[in-house]
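Biologist: I would like to go through the labels on this model and ask what each one rests on.
Modeller: Go ahead; each label will be set against its cut-off.

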Amino acid sequence: MTDLHLIKDRYGFAPGAGYVETNLPSVRFFWSTEPVPRAPLIYNAGIVWILQGHKTGYLGDQVFEYDPDHYLVVSLPLPFDCATSASPEDPLLGLFVNINPADLHELAPLVEHGATCSKKATPLGLSPAQADGDIKDAVRRLLKALSSDAASKALGAGIVREIIFHALSGPHGSALQALANPDSHFDRVARSIVEIRERYPENINVDALAATAGMSAPVFFRAFKSITGSSPLQYLKATRLNRAKGLLIEGGIGVADAAHQVGYESTAHFSREFKRHFKVSPKQAQAAGYQPIDI
């Protein structure tokens with residue numbers, strides 16, 4: 001693909017793995033020239049598009065592939081496991097488009113779905129979707145625009161809105177529709193996730209989160225698990241550990257400092273939970289370097 005070569009030349013993806021900002025604030029590229037074994041990560045709410053190569057995702061009992069023909073709709077920031085297939089000869093290259101809440105609320109009413117999401121609807125917050133010709137065409141035009149500073153400024157934001165519109169119209173647009181539906185269970189759980197991600201170092205309990213969501217604790221627990229695939233406390237733990245991994249790798253701080261900053265009082269307890277979660281110790285993660293979270 002000519003546009004893909006232009007993008008590679010424009011952004012200069014180095015050997016290894018990582019991600020890079022583009023000249024559009026809502027869009028990032030990520031890449032890998034080596035395989036990455038299954039490991040936990042967190043994507044922000046957005047649309048994940050694999051331009052070259054493929055990834056395998058694991059969420060609870062669900063196993064799914066996303067590749068140039070299957071994009072990923074992430075309607076809420078969710079922890080899940082992911083493995084990357086890549087090599088220097090066949091690298092992976094992907095595109096991440098943030099979902100602007102203002103765009104979502106403006107575009108959602110324009111999309112016709114067979115059934116409107118009810119207040120009790122709880123679609124899963126992360127779903128792979130088959131890519132049709134319209135969204136593929138929009139992604140191709142976005143790539144072309146991103147190879148030019150002028151085209152990015154003139155056309156980029158409009159193409160991003162078009163991609164969100166097509167995702168809303170797609171097979172898993174109901175999850176995005178639910179997020180735009182005020183006072184749905186999905187919207188209430190989304191509010192509690194914002195609370196977790198802003199206050200994760202603090203002592204947060206399920207009753208407080210349920211109160212934030214305006215739900216009883218049992219109803220909140222069931223809704224949260226059906227939407228995210230994990231319990232509220234599992235989500236909180238995953239958020240803390242992913243943040244700690246980022247601090248260790250990007251901030252260059254010690255294990256004890258990282259543990260304290262994300263809310264652990266005991267460094268030993270933190271280290272045990274970190275190794276159980278990532279399958280490597282904090283020091284091993286720090287030595288490995290690449291931190292593929294929150295893109």
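**Labels and cut-offs**

Modeller: A search of the whole structure finds 11 aromatic pairs. The model is predicted, so local features need pLDDT of at least 70 and side-chain atom pairs count only at pLDDT 80 or more, while totals for chains, interfaces and linings use all residues. Residues are numbered from 1 along each chain as its sequence is written, and side-chain values use heavy atoms, with hydrogens and water left out.

Biologist: Why are Tyr11 and Phe29 called a tilted aromatic pair?

Modeller: Rings of Phe, Tyr and Trp (its six-membered ring) pair if their centres lie within 6.5 Å; planes under 30 degrees apart are stacked, over 60 edge-to-face, and the rest tilted. Tyr11 and Phe29 have 5.3 Å centre to centre and 55 degrees between the planes, hence a tilted pair.

Biologist: What does the pair of Tyr11 and Phe29 tie together?

Modeller: Tyr11 lies in helix H1 (residues 2–11) and Phe29 in strand E2 (residues 27–32), so the pair ties together parts 18 residues apart in sequence. Helices (H or I, at least four residues) and strands (E, at least two) are DSSP runs, numbered from the N terminus.

Biologist: How do you know whether Tyr11 is buried or exposed?

Modeller: Buried means under 20% relative accessible area, exposed over 50%, and partly exposed in between (1.4 Å probe, protein chains only). Tyr11 has 13%, so Tyr11 is buried. Phe29, with 0%, is buried as well.

Biologist: What makes Arg10 count as a charge over the ring of Tyr11?

Modeller: The rule asks for NZ of Lys or CZ of Arg within 6 Å of the ring centre and within 35 degrees of the ring normal. The charged end of Arg10 sits over the ring of Tyr11, 4.9 Å from its centre. Arg38 lies over the face of Tyr58, at 3.9 Å from the ring centre.

Biologist: Why is strand E4 called largely enclosed?

Modeller: Of the 7 residues of E4 (residues 46–52), 7 are buried, so the rest of the structure largely encloses this strand.

Biologist: How do you know which strands pair with E4?

Modeller: Two strands pair if DSSP finds at least two bridges between them. E4 and strand E7 (residues 70–74) have 3 bridges, and 6 bridges join E4 to strand E9 (residues 92–98). Both pairings are antiparallel. Ile47 has Val73 in E7 as its bridge partner, and Gly46 has Asn98 in E9.
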